[in-house]
Each structure stands twice: as structure tokens, then as C-alpha cells.
Amino acid sequence: MARILVTGCAGFIGSWIAETLIARGSVVCGLDNFETGKRANIAHLLSGSASGRFEFIECDLRDPGAAARACQGVDIIFHQAALPSVPRSVKDPRTSHTANIDGTFNLLEGARAAGVQRIVYAASSSAYGNQAGFPRVETMLPMPIAPYPVQKVTGELYMQSYWQVYGLETVCLRYFNIFGPRQVPDSPYSGVMARFILQMMRGERPTIFGDGHHARDFTYIENAVSANLLALEAPAEKVAGRVFNVACGQSHTLNHIFRILADLLDFKQPPVYAPPRAGDIRMSLADISAAREAFGYDPQVGLEEGLRRTVAWYREQFALASPQPVEKGNCAC
Ligand code: UD1
């Protein structure tokens, strides 16, 4: 059986990939440094029925020796470890540079030395920047704006180089705003969906940066996980050395997202509008036909269903974190 390494396994996307692989019968080794990952995201994998099929290594890919050791005996890698967020990279480019470029390079070097067969890499749709032309097609030249997309594009170029020079099968998946359960909601660098949901649940007015017409091709986590598993199984001649958009092929403005969430959460107040963030792109919309043709990617969960599931999960977490006092007269005892 293939030995699979998931980097960033305690993060939002990595934990979903690890969990799905284990549920399908794979044995998974997960790696994280907990810089943004959460122990709670893998607690269920370390105990219970999954525990025999999950091994965890705490390490930082900035350390070349640790990266090389993590690759020993591994056949396949899902490389999700990264310091995400455009504004974080604008504020502190060096820290995200070391995590996203040095970490990726160290992993590639470890993988090359260990004879790893394939790496599926978490690339970013922010690579397209603000150039003209929608939907985004993989043949467009990258035009990254902020340090974060520069780092992610550098990772893609390294992936393609290691395929061409060393024959390491690398597949780059350009994620378009993945959202869903487990996304961190309470950091200044949190993704917009998680942030808005938590703020509305707390009765706080969310801030929309810009005029609300900024739009994204928001993609529910299950769609992104399915793209990863399909990219793992696809024949090398279809995917190795290539870049693919992973999205839904529909763009939604922040005003629209705000309205759907306000309905789902019965939130009655208006948003606060603030100036756009430095380095933000205005719009994203993907052409997903390359992934469809190369490995049969077909997103199954649409925006509204994804948001319903996401809101239900945060509500459950919120209720667990702040138990309500039992009202008099409601007690069944
Ligand atoms: C997101 C990902 C990034 C990924 C990229 C492409 C996160 C934190 N970032 O970047 O890793 O590479 O998609 O898939 O998941 N906004 C508000 N109010 C807020 C927060 C954000 O209006 O409180 C706006 C932003 O200004 C932006 C949009 O919402 O216009 C999306 O922002 P964000 O969720 O941070 O994602 P991206 O920057 O698009």
C-alpha cells in the first residue's frame, strides 16, 4: 500500500484530505508545525478507529533535515502546509516567504532524495492577479501582486521544474477561495466566510473591504478534497508538471455572500464598509475544464449548500464553546 504524507495536516484543508484518505482505507502520515494548524483538527485521527492508520510528525518544513526525514519511505505527498493569507504576507513577507518558499523547496529536495513518486501541491488562484480576461484559464501568464501569490507561484515553478528535471510527478492545484468547516474564524487573517459567520453569530457587524462588488469563485472544501484525490489517481501523462484550477466556475460578490449568511444566521444589521485591502485582487472566476478533462473533476457542492453546511458546523462549535443556561420551565427532568 502506498505511504501518503499530508503536510499541513492540522490545518483546514490538510485535515480534510487526511481524514478522507483514512476513511478510504489509506495509511496516512501527517505533518504540521501548528503555526496556524490546530491540534483539535486531528484529535479524532489520533484516537478511535482511525488511530492505527494515522501517524503524526510535528515538524517545520523550514528545517531541511526534518523535511528530508518526513519524506523517508513516502510514495505520495499532498503539500498543503503554508502560511496563507494575502494581508499576512503584506504585513510580514519574510515569515511567509520562509514558510511558503523555503518550506516547499526543502520538501521537494527531501522528496527527490527519498524517491517520492508524486506531489499534489496547494497552489493559489491569486496567481492570476488583476489582469484582464475572465474566466481565468491556466494558460494565462501569472501576474501575482502581493508576496503571498508570488510565493505560491514560485512553488508552482519549482514543482514544474522537479517534474521536468528529475521526473518527480508534480500536480499543482490552484485553489479558488476554499471554505467550509474548520477554517479558522477568529484571526485577522481568516478567510472571509469563516470571519463573517463568527462575527454574525456574535452579533458583530462584519466589515466588507471595498464596495462589496469584489467577487470570488468560492469553493466548498469537499470539492477541493475531491480534486486532490482525483489528481492523485490520474495517470502521469495527464497531470504531471501541470497546473489546474480548482473552483466551481461561478463568481459571487461579497455583498451577495453577506446577504446569504445574514439570512442563514438571521442577522439583521448592515455590514460596515471599509477601504479595500492592499494587495487584494478584485475578482476571481475560473474555467475548470482542464481539471474536468484531465481527471474528471466535477464539483458537487454548490455555494448555498456549502454555506448551509458551514454555518451548521460553526453553530455547533459555538454552542459547545458557550453552553446556554437551562431556562426555567424548559427542563425535561
Ligand atoms: C484566499 C485565501 C488564500 C488563497 C486565495 C485563493 C484565506 C485566508 N486566503 O485569499 O490562501 O490562496 O483565497 O484561493 O483563505 N474580506 C472582507 N472582510 C473580511 C475579510 C475579507 O471584505 O473581514 C474580503 C477581502 O478583502 C477579499 C475577499 O473578502 O476581497 C476574500 O478575502 P479572503 O477570504 O481573505 O481571501 P483571499 O484574499 O481571496
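## Basis of the model

Domain bounds here come from an automatic or database domain assignment, and a residue counts as near a molecule or strand if one of its heavy atoms lies within 4 Å of it. This is a predicted model, in which local features need pLDDT of at least 70 and side-chain atom pairs count only at pLDDT 80 or more, while totals for chains, interfaces and linings use all residues. Residues are numbered from 1 along each chain as its sequence is written, and side-chain values use heavy atoms, with hydrogens and water left out.

## The shell around the ligand

Domain 1 (3-178 + 218-246) and domain 2 (180-216 + 250-284 + 301-318) each give at least three residues to the shell around the ligand. There are 24 residues around the ligand, and those that come nearest are S124, Y175, V192, R216 and D280. By class, the shell holds eleven nonpolar, nine polar and four charged residues; here Ala, Val, Leu, Ile, Met, Phe, Trp, Tyr, Cys and Pro count as nonpolar, Asp, Glu, Lys and Arg as charged, and the others, Gly among them, as polar.

A polar side-chain atom of R216 lies 2.7 Å from an oxygen atom of the ligand. Polar backbone atoms also take part: one of N177 is 2.8 Å from a ligand oxygen atom, and one of F209 is 2.8 Å from a ligand oxygen atom. On its own the ligand has 740 Å² of accessible area (Shrake-Rupley method, 1.4 Å probe), and the protein covers 92% of that area. The elements that give two or more residues to the shell are α7 (192-201) and β8 (207-209), where helices (H or I, at least four residues) and strands (E, at least two) are DSSP runs numbered from the N terminus.

Strand β13 (residues 272-274) contains Y273, which is partly exposed at a relative accessible area of 44%.

Note on methods:
A polar contact is a pair of N or O atoms within 3.5 Å; within protein, one must be able to donate a hydrogen and the other to accept it, and residues adjacent in sequence count only if both atoms are side-chain atoms. Buried means under 20% relative accessible area, exposed over 50%, partly exposed in between (1.4 Å probe, protein chains only).
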